Amino acid sequence: MANNAKAIAAAEKKVSNKIGLSREDKIMYTVVNIIVCLLLLIIIYPVIFVVSSSFSSGNAVSSGRVLLWPVEPSVVGYDIVFHYRTVWSGFANTIFYTVVGTAWNLFMTTLAAYPLSRRNFQGRGIYMTLFTITMFFSGGVIPHYLLMVKLGLTNSRWALVIPGAINVHNMIIMRTFFRNSIPGELQEAAMLDGCSDIRYLLQIVLPLSKAVMSVLLLYYAVGHWNAYYGALLYLRDEMKFPLQLILRTILIASTSTDLTQIESSSAQEAAKSAGEAMRYALIVVSTAPILVVYPWIQKYFEKGVMIGSVKG
Amino acid sequence: MKNTQAPQEVVVTGTATPAPRKSPFVRKFQRDWQLHLLMLLPLIWLLIFKYYPMYGAQIAFRNYRARAGIWGSEWVGLKWFKRFWTSPDFAKILLNTIILAAYSLFITFPLPIIFALMLNVVRNEKFKKFTQTMTYIPHFISVVVLVAILNQVLSPVNGLYGSIYRLFGGEGYPTDIRSSASAFRHLYVWSAVWQQLGWNSIIYLASLSSVSNDLHEAAQLDGASRWKRVIHVDLPTIIPTLGIMLILRCGHILSIGFEKVFLMQNSLNLTKSEVISTYVYKKGLQDTNGFSFGTAVDLFNSIVNCILLLTVNWISKKASKDEVSLF
């Protein structure tokens, strides 16, 4: 991507040395740069606003004085957040679901992707068809729910881990990687030396697949971190709730800022405005883990989209 | 020399009791048994968690009672489907789903393409990289947090929306657009644009990077402006990718995701925000006797989706002479 724009620029320079950058082109570049700048601002601004609000005093937030930077800097919001018992349990649960769930995802996805990457694997077409059908058709949420009841998985932590083992789209990404990025000669040579399929997978394919593994690890992990639907359907016990469901209860199910509640005593007013800062703090706290690792993993995400876009 | 030319015959005549000839199936299985073994666990998972629910979907044609089970419940044919088609909610919900999906598609599909084309024009590498990094961030925010941010920022009392309203001289508080039925669709679609604009442009930027520089140089020597080159060089490059993405999106036009709509719903915007998936959840799972009815509605949705996908794919296959197709 980067090389391309550079190369175009270089080519343009070469040409424009001869004929010069036309006025039309100058306008084009200026207009595009301005629009991109504006879009950038529109997209970043809410993020900055949320972070600033979380570090402002409750009073400043609820009176709407925060516009860009923190006003009356304070960590009162964070203080309240960390006194919520369910926030802590939510964090612990989410970490459990993310770690165990992602490990299970990668294990199962590899098991399916590797045989399917082998072009002469007997029955490959049938297996692949079985997977593909599920991308476009499903039994629906209620039969799935009844199945979970039957298996005794309702109100169990495993309900959020086991059923989502393989995302077919991710499996295809991995299969395509195995097929295109690991030279077939390697397999022929290994097989001639009497290496079995399973040993070949473990000792040769996996060590060469760090790129695709990290991409899928991130895809799956972000998915688990942000999920709430499964928990909403299958969990009853609050101590098993992931963070997102706790967030929903605190942030969305109880919107306490209705117009009808404006007139209230000053004590309530103070509690409520601290609550406003707390809401922003909660938003930041729950998203921070992803945003903190984000700069380091960004290149992998892009790589994943590109591996995935190769039709296999 | 003779032996190497016909080794098989030599082996066969050489053995006292010729081994029984194995069918190609058995030979292949003996060769691939380890691969089948690897596949075993995913296959079991697939059958239990994906195919068993499809089999269970037949309760849409039965009067499901938990004690009787799937097979024991009596067969009622299309009763539930008819009930859905004739219910007063049917037209409203179907229309809500279609309008929301179509509005979503028309806005969130082309914008990332335009954004990618623009970013591709930007010549300052650092600025371009920075823009990409920043615009990908919202993608990683969960739906719960996204809707929470919407609720906070749009609060007429202490949100940004109220502040800006007063900043520009508004008196008191503006109307609460979070609980306004007419604003629901706009909020739904434009918050998605905010969240996915950068991320969805990655795939187009990737295919734009494959444009040959010679093409640009040649066009420029022929006097083509940058604008002309966007239209005649850059755009044609991403058409195949665009086609595939469009088919996929059209195929899912009725499967408006449950998660975001459900979170954005409140009693005041329900007339516009009730879609098939949230209706299935309410009628099927929150109602004790709604399993069969909910499944029927869901199945109806699934089948319409499948037909749409196949139709769009078929049209595109014809139109592009087999170039742009999923299968």
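A residue is called buried here if 20 or more other C-beta atoms lie within 10 Å of its own, exposed if 12 or fewer do so, and partly exposed in between. By that criterion, buried residues account for 35% of the 327 residues in chain B and for 37% of the 312 residues in chain A. The structure is a predicted model, and the predictor assigns the complex an ipTM of 0.83 and a pTM of 0.83.

The description may begin with chain A. Chain A contains 14 helices and zero strands, and its pattern along the sequence is accordingly written α-α-α-α-α-α-α-α-α-α-α-α-α-α. Among contacts in chain A between residues at least 6 apart in sequence, 75% connect residues that are at least 24 apart.

The average pLDDT of chain A is 83, and 83% of the residues score at least 70. Within chain A, helix H1 (residues 2-19) has the lowest confidence, with a mean of 62, whereas helix H5 (residues 85-117) has the highest, at 94. Over residues 256-264 of chain A the pLDDT stays under 50, and for this stretch the model has twelve contacts beyond four places in sequence.

Two residues in the loops of chain A deserve attention for their backbone geometry. A:Glu72 is located in the loop between helix H3 (58-62) and helix H4 (76-81) of chain A. Although A:Glu72 is not a glycine, it has a positive phi of about 50°. This residue counts as partly exposed because A:Glu72 has 15 C-beta neighbours inside 10 Å. The second case is A:Asn155, in the loop between helix H7 (141-150) and helix H8 (168-181) of chain A. A:Asn155 is not a glycine either, yet its phi is positive, at about 60°. Is A:Asn155 buried or exposed? A:Asn155 counts as exposed, because it has 12 C-beta neighbours inside 10 Å.

Chain B comes next. Chain B has 17 helices and zero strands. Its radius of gyration is 29 Å, whereas a compact globule of 327 residues would have one near 20 Å. The C-alpha trace of chain B spans about 105 × 75 × 35 Å along its principal axes. Of the contacts in chain B between residues at least 6 apart in sequence, 65% join residues at least 24 apart.

The average pLDDT of chain B is 84, with 91% of the residues scoring at least 70. Over residues 1-15 of chain B, however, the pLDDT is below 50, and this stretch has two contacts in the model beyond near neighbours in sequence.

One helix of chain B can be examined in detail. Helix H11 of chain B comprises the 28 residues 181-208, which should span 40 Å at 1.5 Å a residue; the end C-alpha atoms are 40 Å apart, and so the two values agree. Where is the kink in H11(B) centred? The kink, of about 55°, is centred on B:Gln196.

Individual residues of chain B illustrate contrasting surroundings. B:Leu150 belongs to helix H9 (residues 143-153) of chain B. With 23 C-beta neighbours inside 10 Å, B:Leu150 reaches the cut-off of 20 or more and therefore counts as buried. Apart from neighbours within four places in sequence, B:Leu150 is in contact with B:Leu187 and B:Ser191. B:Lys321 stands 171 residues from B:Leu150 along the chain, and the C-alpha atoms of the two residues are separated by 45 Å.

B:Lys82, by contrast, is exposed, because 12 other C-beta atoms lie within 10 Å. B:Lys82 is part of helix H5 (residues 79-86) of chain B. Between the C-alpha atoms of B:Lys82 and B:Asp234 the separation is 50 Å, and these residues are 152 residues apart along the chain.

It remains to consider how the chains meet. The contact involves 90 residues from chain A and 88 residues from chain B. On the side of chain A that touches chain B, helix H2 (residues 23-54) of chain A provides the largest share, 16 residues. The residues on this side of chain A comprise 59 nonpolar, 21 polar and ten charged.

How values were computed
Residues are numbered from 1 along each chain as its sequence is written. Chains are lettered from A and ligands numbered from 1 in the order in which they are written. This is a predicted model: local features need pLDDT of at least 70, side-chain atom pairs count only at pLDDT 80 or more; totals for chains, interfaces and linings use all residues. Two residues are in contact if their C-beta atoms, placed from the backbone, lie within 7 Å. Helices (H or I, at least four residues) and strands (E, at least two) are DSSP runs, numbered from the N terminus. Ala, Val, Leu, Ile, Met, Phe, Trp, Tyr, Cys and Pro count as nonpolar, Asp, Glu, Lys and Arg as charged, and the others, Gly among them, as polar. The expected span of a helix is 1.5 Å times one less than its number of residues. The bend at a residue is the angle between axes fitted to the seven residues ending there and the seven starting there. The radius of gyration is taken over C-alpha atoms; the globule rule is 2.2 Å times the number of residues to the power 0.38. pLDDT is the predictor's confidence in each residue, from 0 to 100.
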